[in-house]
Amino acid sequence: MTAKARPAPRLRLTDTTFRDAHQSLLAGRLRGEDIVRLARKMDEVGFYSLEAFGGATFETEIRHNGENPWDYLRQLKKAAPKTPIQALIRGQNLVAHRNFADDVVQAFVAHAADCGVDIFRIFDPLNDLRNMEAAIAAAKKAKRKVQGALCYAISPAHNLELWVSLAKGLQKLGCDVLIIKDTSGLLSPQTTWELVAALREVIKIPIGVHSHCSSGMAPMAYMAAVEAGASILDTAISPLAWGTSQPATESVVAALAGGDYDTGIDLEKLIEVRDEVQTLKDERREYLSPYADRVDADILRFQVPGHMLEDVHQQLGRHGAEARFKEVLVEIPRVRQELGYPPLVAPIRQLIATQAVLNVVGGERYGTVTKDLKDYLQGLFGRPPRPADAELRQMVLGREEPVTIRPADLLGPQLSGARAELKKQGVEGSTDNLLTYLLFPSLALSFFRGDLARKTPEEPSANGGEKAAEDPPADQAPAEAAAEAPTPAPAAPAAAAAQSAEFQVEVDGETFVVRVTGAGMAVGVAPAGSPPAAAAGAPAKPAAGPGSVVAPMQGLIVKVPVKVGDAVKLGDVVAVLEAMKMQNDIVSTVAGKVKAVHVREGEVVGPNQPLVEIGS
Ligand code: CO
């Protein structure tokens, strides 16, 4: 009796051009109508799926294109009826930046399925399966395919044993496919082979690999993945491939043609599509990521992606401490270890970078902590691979006990409250509107009012046009503004506006604002001690004096808990600043009375801008 040979898996490709690729390289700036037009042709190619919804693109589409993402999804489904449409969902965060209650997760997934999503790829930045359960269950209830994705990471806590146990967990939750999601291109061919082979031993569901070319290893890792038995790979049409995006579809198709792993895709069918993607890229060149054409060797050296290091560099600049870069490089792994080795994935990556900078420039480690770090230690992000350092937890939380339950269990139902609020605002209570409002409350209201003018490719980018993102209306609730304006840029001086452009670089849900001026790249404005940026024509900002509490970096004022006349003690919070998707407590470094408050909630401030004056 001979053992029946297992048929060689036919390799299928998921094309990410309409989601990850343009989010990674073009700040998510392809327009819905362009995607829909192109999708008719993509539908003929024979992809396993088109990743075309979710991640950061939902927000970008509203904010920058003034388009309703639900309308787009319905049109896309019509344009590409043969190929499954795939969405990326960050567990209990859905496509936004905070946890939602289960009723919202259920409603969002059900509506996305109704509008055209066939495959939901669901992940959690900490690989905490509890944060993925509700979304997985909702997708199954809607009778859609579910891909459970693991965020790949390298650390002493991440070994084959852990990956195997997480993969088994996802299979048990009913996932149809397991995806190894490598946001920073950390996967080497050797580790990919070992990982895929080990997972194939223990799980029955197909395995897919999603990587980015950031470090240059992805095409080799892909080859190793298929040899070890992976059956799905993620690629992008070549003009929007490479760099921080996926390997090119055409290259992978050609490389594997005729062998055991033939994708079944005809290269000729991709030529016309390629030309159109090239045209769209050319039209939107001003959004092109500075990381698009770069092999990021820092990932190979530090396992830290280059844009995280760039972020560190910028933050140090705002503290006037550029020279301390090396110290921060040593500090990052230390902080990560103390936090229990979380994967370096948004938003945890920003949290670690900011804390490492504060630990170095503050003089005392954890002398200043961000609100996100507190939340993290409290367990509100979920469970890291290893418990966070007990001493650190005690130092930051005091006697508060961290939560051990699933974070979303702290939230009551949210749908009916939102429905009532929407009614109060006089907005039609359609499911489209309700969900958009729940995810991005104030952005949604601006959108419903028609304030987010559609932009044509000819009137793109920077400053004036980005008003909605940079300058939230004064009437909106500060917390919403914070949730929705993750990286507000300072209002640019009028004179500079004409010759500077702003790039929002978005990588897997993470946004960086990069301002490029005639002189080159300049992020943020005046370092400590230099004259105020107001010189170029913006309204004069008060100069910082001895009693001034200044903004440590650019950001959005979420809260000003003090008013003139209040007595403050050393260390009292006088303002809460939202920057790089994190809320930072700004504390008084002197005791005294509040003499003046220079900012209001919802205002965008620049680095070193005085916020509050304290006097005796
Ligand atoms: Co990705």
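Phe58, Glu61 and Ile62 of helix H3 meet Pro69, Trp70 and Tyr72 of helix H4, where contact means heavy atoms within 4.5 Å. Helix H3 spans residues 57–65 and helix H4 residues 69–79; helices are DSSP runs of H or I with at least four residues, numbered from the N terminus. The contact of H3 with H4 divides into five nonpolar, no polar and one charged residues. In this scheme Ala, Val, Leu, Ile, Met, Phe, Trp, Tyr, Cys and Pro are nonpolar, Asp, Glu, Lys and Arg are charged, and the others, Gly among them, are polar.

This is a predicted model, in which local features need pLDDT of at least 70 and side-chain atom pairs count only at pLDDT 80 or more, while totals for chains, interfaces and linings use all residues. Residues are numbered from 1 along each chain as its sequence is written, and side-chain values use heavy atoms, with hydrogens and water left out.

The axes of H3 and H4 lie 9 Å apart, and the two helices pack at an angle of about 115°. H3 and H4 are therefore roughly perpendicular to each other. Axes are lines fitted to C-alpha atoms, for helices over the stretch in contact, and angles run from 0 to 180 degrees between N-to-C directions; 65 to 115 degrees counts as roughly perpendicular, under 35 as roughly parallel, over 145 as roughly antiparallel and the rest as oblique.

The ring centres of Phe58 and Trp70 are 5.4 Å apart and their planes stand at 75°, so the pair is edge-to-face. Rings of Phe, Tyr and Trp (its six-membered ring) pair if their centres lie within 6.5 Å, with planes under 30 degrees apart counted as stacked, over 60 as edge-to-face and the rest as tilted. Phe58 in H3 and Trp70 in H4 are twelve residues apart, and their pair links distant parts of the chain. Both Phe58 and Trp70 are buried, that is, under 20% relative accessible area with a 1.4 Å probe and protein chains only (exposed is over 50%, partly exposed in between). Ring pairs join Phe53, Phe58, Trp70, Phe108 and Phe440 into a cluster.

Helix H4 also packs against helix H2 (residues 32–42): their axes come within 8 Å and cross at roughly 15°. H2 and H4 are therefore roughly parallel to each other. Gly32, Ile35, Val36, Ala39 and Arg40 in H2 meet Tyr72, Gln75, Leu76 and Ala79 in H4. By class, this contact has six nonpolar, two polar and one charged residues.
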